[in-house]
Amino acid sequence: MRRLVAPAAAAIAAALLVTFPIWSSAWESSRYATTILQSMLVVAILALSLDLLVGSAGMPSLGHAAYFGAGAYAAAIAGQRLGSDDLLLGLGAAVLISALLALAIGAVAVRATGIFFLMLTLAFAQMVFAIAFQAADITGGSNGFSGVRRPTFVGLDFNDATALFHLVAVAFLLVLALIWRIRSSTYGRALVGLRENERRMRALGYDTTRLKLSAFVLAGAIAGIGGALQAYSIRFVSTNDVGVARSVEAFVSVLIGGVSTLLGPVFGAVVVVFIERVLDSYIPYADTVLGVVFIVFVLAARQGIVGLARVTYARVRA
Amino acid sequence: MDENKGAVRRGYRLTRRQFLAASSAAAAIAACGPAATPAPSGAATGTATASPGPALKIGQLLPFTKVYAELGNSMKRATDLYVKQKGGKLANRPVTLIYEDEANDPVVGAQKTGKFIDQDRVDVMMGIVATPIAYAVRNAIDAAKLIFIETNAGGNALTRTTTNCTPSCKSKYIFRTSFSSYQISYPIGEYFATKKGVKEVFTFVADYGFGNESAADFTTGFTKGGGKITGSLKAPLGSADFLPYVTTLKGQQTKDIYSFFSGTDAINYIKAWTQLGMPAAGYKMNGAGFLTEQDVLKEVKEQANGAVTSLFWAVTLDNAENKAFVDAYQKEYSLLPDVFAVQAWDGMQAIDLALQATKGDTTNKDAFIAALENVKFKSPRGDFEFDKETHNPIQDMYIREVKVQGGQAVNTIVDKVARVIDPGK
Amino acid sequence: MTLETAVVQALNGISFGALLFILAAGLSLIFGMMDVVNLAHGGFYMLGAYVTLAVVQRTGQFWLALLLAPLLIGALGLLIEPLLLRRLRGRHLDQVLLTIGMSLVIADLVGLTFGREIRSIPFPTGLDHSITIMGGDYPAYRLFVIAFGVALAVVLALVHRRTRLGALIRAGVDDAPMLAALGVDIDRLFAVTFAVGAALAGLAGVIAAPVFGIYPGMDVDYLIYSLVVVVVGGLGTLSGSIAGAALIGPVDTFGRVLFPQFALALIFAIMALVLLIRPTGLLGRIRIAR
């Protein structure tokens, strides 16, 4: 019986999430709430992908927006240049381009560790930013890429706001499931091994450089999906989407949610987006609140939001 | 001068309190939520003696954080002042102002625009400082048939017909009370070649969409008038050190430099310009008006002496409306207004007059658009009207020169290019 | 590029490098000693600039600010280390989150207190003139910055090599736990180190304010600059930050005007290149933090 509770709860939660715009429609704030939820899910996808690096493999990347933005541009440009609105084409382009970019950068960056890895990923991301800024003919440069076409898929037209939300929510759930699968696989455990003790992993016969590179590419590809979904959502891509602020947003989402926990990055993204983009409508010092939340969590909750929940749960049960 | 600095801080505090007031109003709205769109007003609200009509909700998307924050504050001050002067009502409809921070990020701008459309259900939207954000929300505004008054961003494409609407294009729902890059760049180019007799110019602009547009439009105007561009240089936005650039300018022979910079960049540029003794070496600083706008001028003061720029307004502009505006603004906030305040002020004026024409009705969009198109008024900048074709303003461009008068550096009007119309169709 | 222009550009590059050194010295010290990447460094720098603005507005005394700002910000550092940072020793990711949080709070409170206008302060009296170099004007203040940078490097080097504190720092950089085992009060040493690092950031804010300006977002801009300098030079050593600044300053200056289309990515390209050739920076030893 107990073994069935968790999957059933997960299924119900997933169904509630996907159908949010429908069951909430009587509420007059439903549409705006849907918009906010959608951007939370996009940032959550980015954070989940980053946690593969930061949490699982112990690779603190501060340039993850590069792959997010590459995916956004790729989906936007593919739709425009190929004249097709096919979803698989757009997402395929996003995954392909961001994975290739991650492969190129990762091939160099994964040789470094710690702060050097952090700074190298930042440096390459800033170069990607510079390219996006300067290649105005392709990306729109500082003016941004406008009029991104929304996709269609086997008769589904995602020009409809509700349909688009379904798409983002389903994509989010698939990414979540994928990360869950990875974490419980041998591959996932090898990544954790990297973080815990890279030398031992090498002694055990693992090609650690290849292992890191594969994680980097995988994380880049997933971030690219997030980028594509954002491009579809707001129908615009700007250089902000490859900028350092976006990278930091993802990074703090991972840290505040709880590194290397499945749902941590998701909660982190929810908290960060809520304070930065929702709460700021009502108070002029939202950044201070965000900063204080970081400080309090770091001092009070060793394992982020998820860690705090675990400790509380354990106490309640005891 | 010191007194003025204190005043700036006082003015800021005031703004913050108002921000809180406006925010709590917004919070209240969010809490209750409009059960339906405001009831159509129609004829019932026509006269001043009638009981007040339904609330007029104006959503203002402005930067209140990041590098453009003070532009947002300035525009907010002007807006609040206008509403206050009208006793809190436009065309007998009590005004509710909802301010949102665009945080200089198109993603945030798009989300907040969604809030105005879906949550607040505003009657009119205004604001937006950065061009990319205006481009980002253009389609959403057009699709929602929301009347939007752009009060700063000057990207040419926002009021033009463009191929595939890239990077943006005009919309019947979008009006602009600021300017297009063309308007602040092309006329001064032509003026330099034809009237000022300048033969050669070197351009040095901020390397982003707007700076490049400004350089291109200046170049077109200048070369059409017979002038020659001898070279160009670009600096990224937010460049830390301007000495290397000014050293390069000094290392070439063309004495007249045309620049587009604003804010911190303009300040650092002008300071580096003075430090390297450019005026003594015979170099002349020229540019689009933001180079020496009030926010820059109050920091660099006489170091900008002699700079010639073009803009549609100057604090010294001698007309009754400007005098009244500057006086009222100074009285309210104890500081001088800047061009950003004027743009927001005129946005409010345009809405006010259009509302009077429709007797307060904003539900009939076509009638409201027609009313806006026909709005003509005396602005602090001079005669103001919209180009019916593009909804960009038709306005005079003033050639201004920074001079030190009574110990204060001010933009003085030296000439005027009348009725500049953006060539967009 | 004529000889005159080249000489002036070289001066520009050196003085920019000197500014970068002043900016990076504190970050490097804290990193080397405490193994903490202090991402609030930009926030302390910003505070230094705004203290300068406040002091100059009220008294007109730049030199007073030069004294006051490092003291105030150093005192703040002295509070922060035991209150917040001490509990996170060795927890690198938590330190990152904490210092990002601190910098958010600092930047926002500065904005709410001082307003978010862009500001600028004049060069201090005595240094507000130009000097003739190669037949053209050159700002005296920029020469002062070079001199100040060199003097600071000398002073720090002397402290480093000749004093007891310097010996403790050198020992601490090599092996802090060993130092603790030898009976040195590590807590006190770390608090002082953090305070000095913060004070140096504040000092950089004072020196840079008349050159770079004062505006919202300055904290992040210059945090990135100082991180690049520290990483390029080699982490946590004084000679490393000198080398990093000496490379980045001139290369960035010449690169910007020779290849303006690459200006945006220039310092990052240099950093990537250096790290590829020398994975621990120009003068770095093997010392890896996570």
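This note sets out numbered points on the predicted model shown above.

1. Overall make-up of chain B. Chain B contains 12 helices and 15 strands. Of its 425 residues, 61% are buried. Among the contacts in chain B with a separation of 6 or more, 74% join residues 24 or more positions apart.

2. The largest nonpolar core. This core holds 355 residues, and the members that touch the most others are A:Ile45, A:Ala75 and C:Met271. The element that gives the most to the core is helix H7 of chain C (residues 186-212), with 19 residues. In general terms, nonpolar side chains tend to be buried together in soluble globular proteins.

3. Surroundings of A:Ile45. Once neighbours within four places in sequence are left aside, A:Ile45 is in contact with A:Phe172 and A:Val175, and also with A:Ile222, A:Ile225, A:Gly226 and A:Leu229.

4. The contact between chains A and C. Chain A contributes 31 residues to this contact and chain C contributes 34 residues. On the side of chain A that touches chain C, at least two residues come from each of helix H6 (114-134), helix H12 (244-257) and helix H14 (286-300) of chain A. H6(A) provides the largest share of that side, 12 residues. By class, the side of chain A that touches chain C comprises 23 nonpolar residues, seven polar and one charged.

5. Packing of H6(A) within chain A. H6(A) also packs with helix H4 of chain A (residues 65-81), at an angle of about 30 degrees and with the axes 9 Å apart. Angles under 35 degrees count as roughly parallel, and H4(A) and H6(A) are therefore roughly parallel to each other. From H4(A), the contact is made by A:Ala65, A:Ala66, A:Gly69, A:Ala70 and A:Tyr73; from H6(A), by A:Phe124, A:Ala125, A:Val128 and A:Ala132. Eight residues of the contact of H4(A) with H6(A) are nonpolar and one is polar, with no charged residues.

6. The contact between chains A and B. Here 26 residues of chain A are in contact with 37 residues of chain B. On the side of chain B that touches chain A, two or more residues are given by each of helix H1 (2-32), strand S3 (93-101), helix H3 (106-120) and helix H4 (131-144) of chain B. H3(B) gives the most to that side, with nine residues. The classes on the side of chain B that touches chain A are 17 nonpolar, 13 polar and seven charged residues.

7. The buried side of helix H12 in chain B. Within this helix (residues 365-373), B:Phe368, B:Ala371 and B:Leu372 are buried. These residues lie on the same side of H12(B), because they cover an arc of only 100 degrees around the axis.

8. An exposed loop residue in chain C. C:Gly135 lies in the loop between strand S1 (130-133) and strand S2 (136-139) of chain C. Is C:Gly135 buried or exposed? A residue counts as exposed if 12 or fewer other C-beta atoms lie within 10 Å of its own; C:Gly135 has 7 such atoms and is therefore exposed. The C-alpha atom of C:Gly135 is separated by 30 Å from that of C:Val206, which is 71 residues apart from C:Gly135 along the chain.

Methods:
Residues numbered from 1 in each chain as written. Chains lettered and ligands numbered in written order. Predicted model: local features only at pLDDT ≥ 70, side-chain atom pairs only at ≥ 80, totals over all residues. Helix = DSSP H or I, 4+ residues; strand = E, 2+ residues; numbered from the N terminus. Buried ≥ 20, exposed ≤ 12 C-beta atoms within 10 Å, placed from the backbone. Contact = placed C-beta atoms within 7 Å. Core = buried A, V, L, I, M, F, W, Y, C linked by C-beta atoms within 7 Å. Nonpolar A, V, L, I, M, F, W, Y, C, P; charged D, E, K, R; others polar. Axes fitted to C-alpha atoms, helices over the stretch in contact; angles between N-to-C directions. Parallel < 35°, antiparallel > 145°, perpendicular 65-115°, else oblique. Arc of directions from axis to C-beta.
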